[in-house]
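Dear colleague,

Please find the structure below, handed over for your files. My notes on its sheet and its salt bridges follow.

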Amino acid sequence: MSLKYAVLAALLEGEASGYELSKLFDVSLANFWAATPQQLYRELERLAGEGLIEARVVRQERRPDKRMFTLTEAGRRDLDTFAATPPRRPTAIRDELLIKIQAMDGADPGATRALVEERAAWAQGKLARYLRVRDRLLAGRGEEEYLREADRVGPYLTLLAGIALEEQNLRWCARVREVLDRRAPRAERQRPSAQDSTR
């Protein structure tokens, strides 16, 4: 999938500037689609050229003028078609840490633990951010009430996927740490001593 449909879907929230869209990507779409501000601005220009979005200039005092983007009817039709089309292929995981874990036997267990701790801290930070977004969306309502009454539930459902992913990351990190702790005495026994290395 291209960045195109992530941008069109983001504009379902309403008119937004490129800056506002980059913030929306950072908060609401980061759990499933990442884009740099430069990629986003290039895509906005391309989509405007194709007539899928339109831009208007807003004059500002003491600040540069800004361009505000909205979804056109053609953009909405294209997005509706995309939303009803099966994905081309299932999600594939490409995770450098998993390659490192695959190759960890014989490596320094302390280094492996540090990598897993870093991943856990990262997952905990993302989870906390996603939970804040969820609280903001719910605004004091229960989940079932929100899902029954909200104008749009897509952003909430994708947020649930991000929350589930980071919760799973934390469970996996805890399991890896548990295995490393249990294997620590064995790793110590197998590690050559300084005396062995001088023979």
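In these notes, buried means under 20% relative accessible area, exposed means over 50%, and partly exposed lies in between (1.4 Å probe, protein chains only). This is a predicted model, in which local features need pLDDT of at least 70 and side-chain atom pairs count only at pLDDT 80 or more, while totals for chains, interfaces and linings use all residues. Residues are numbered from 1 along each chain as its sequence is written, and side-chain values use heavy atoms, with hydrogens and water left out.

Helices (H or I, at least four residues) and strands (E, at least two) are DSSP runs, numbered from the N terminus; two strands pair if DSSP finds at least two bridges between them. The model has an open sheet of 3 strands in the order 1-3-2, with antiparallel pairing. Its edges are strand 1 (16-17) and strand 2 (53-58). Strand 2 pairs with strand 3 (residues 66-71) over 6 bridges, and Arg 56 has Met 68 as its bridge partner there.

A salt bridge is a side-chain nitrogen of Lys or Arg within 4 Å of a carboxyl oxygen of Asp or Glu; the count comes to 16. In one of them, the closest N and O atoms of Glu 15 and Arg 56 are 2.6 Å apart. Glu 15 lies in the loop between helix 1 (3-10) and strand 1, and Arg 56 in strand 2, so the pair ties together parts 41 residues apart in sequence. Glu 15 is partly exposed at 34%, as is Arg 56 at 44%.

Yours sincerely
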